[in-house]
Amino acid sequence: MTAKKSLGPKEILFPVPAALVASGTMGRPNLATVAWVGMMGSDPPILAISLKQTRLTLELIRKHRHFTVNIPPAGKFVEVDYCGITSGRDRDKFADCAFTPIPGTRVAVPIVDECPFNIECAVVRELQVNGHTVIFGEILEVHVDADAIDGTSPKGIDLQKIDPLVYCTTIRQYWSIGSKLGDSFCVGRRIRDRVSGNEGSPA
Ligand SMILES: Cc1cc2nc3c(=O)[nH]c(=O)nc-3n(C[C@H](O)[C@H](O)[C@H](O)COP(=O)(O)O)c2cc1C
């Protein structure tokens, strides 16, 4: 048996995205780093972000009812950290980080040009979880840098070209992804075939 050390109840989960959530308008956009983000539903696609009550981002999302989730490339980890330690109440984070706000196609909130993957969302629900507010957003549109489109992969996205920044909560470290290991909903068939006695049958 592997020796385990118990860490107690902690808000630790990894890896997670280190996303840049944009809020506000093209004229006055804001950015905040958000690691508590995940998919919640598929039809229609829904994601959720969890925000502390004090964030300007929460105020702006409540006001405009839209936000965008932008996945930065690993190389932008310094800018991402800055957006997570500075409030839009004090600074224009787009300007400070030399990020370019460009119009979304479905929402008035900008997306970040320097982020290769962008998701436009409309607020559909809000949930209070102690000091946090979880915002559920319906995904209205998704954008990916054209040079990260790979005609050979089934879903058309080359993750290595996107090179998304990833994060580990609690130990507070930024990482980049490694290499592809396999295709999901596929490689597990090897075990399914073995346990069901169909070993050697085509996948
Ligand atoms: C790596 C990282 C992840 C973060 N994740 C979250 C998060 O999931 N939710 C949250 O409310 N704040 C999170 N923060 C803190 C906010 O990004 C930070 O308070 C920011 O200044 C808020 O900006 P605003 O006031 O302009 O909205 C994170 C910060 C860092 C550095």
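Predicted model: local features only at pLDDT ≥ 70, side-chain atom pairs only at ≥ 80, totals over all residues.

Biologist: Which residues of helix 2 are buried?

Modeller: E79, V80 and C83 are the buried residues of helix 2. They cover an arc of only 100° around the axis, so they sit on the same side of helix 2. Their packing partners are strand 2, strand 3, helix 3 (93-96) and strand 11.

Biologist: Which residues is K52 in contact with, leaving aside its neighbours within four places in sequence?

Modeller: G131 and H132. Contact requires C-beta atoms within 7 Å. As for A122, 70 residues away along the chain, its C-alpha atom is separated from that of K52 by 19 Å.

Biologist: How do you know that the buried residues of helix 1 line one face?

Modeller: The buried residues there are T57, L58, L60 and I61. Viewed down the axis of helix 1, they fall within an arc of 165°, so they line one face of the helix. These residues pack against strand 2, strand 3, strand 5, strand 6 (66-71), strand 9 (117-129) and strand 10 (132-144). Just after helix 1, R65 has a positive phi of about 65°.

Biologist: What makes strand 4 and strand 5 a pair?

Modeller: Pairing needs at least two bridges between the strands. Strand 4 (residues 37-42) and strand 5 have 5 bridges, in the antiparallel sense. Within this pair, V37 stands opposite I49 of strand 5.

Biologist: How many bridges pair strand 5 with strand 10?

Modeller: There are 7 bridges, again antiparallel. The bridge partner of L47 in strand 10 is G137.

Biologist: How many bridges are there between strand 1 and strand 11?

Modeller: Strand 1 and strand 11 (residues 165-168) are joined by 2 bridges. The requirement is at least two, so they count as paired. P17 stands opposite V166 in strand 11.

Biologist: Why are strand 1 and strand 12 described as edges?

Modeller: The open sheet has 3 strands in the order 1-11-12, with antiparallel pairing. Strand 1 (16-17) and strand 12 (173-176) each have a single partner strand, so one side of each is left without a neighbour in the sheet.

Biologist: What makes a set of residues a nonpolar core, and which members touch the most others in the largest one?

Modeller: Members must be buried residues of the listed nonpolar types, joined through C-beta atoms within 7 Å. The largest such core has 35 residues, and A19, L20, V21, A22, L31 and V34 touch the most other members. Strand 2 (residues 19-24) gives the most to this core, with 4 residues. Beyond four places in sequence, L31 touches L20, A22, C83, K93, F94 and F99.

Biologist: How many residues surround the ligand, and which are closest?

Modeller: 21 residues surround the ligand, and the closest are W36, T57, G84, S87 and G88.

Biologist: What are the totals for the protein as a whole?

Modeller: The protein has 5 helices and 12 strands. Of its 203 residues, 29% count as buried. Among contacts between residues at least 6 apart in sequence, 63% join residues at least 24 apart.

Technical notes. Residues numbered from 1 in each chain as written. Near = placed C-beta within 6 Å. Buried ≥ 20, exposed ≤ 12 C-beta atoms within 10 Å, placed from the backbone. Contact = placed C-beta atoms within 7 Å. Arc of directions from axis to C-beta.
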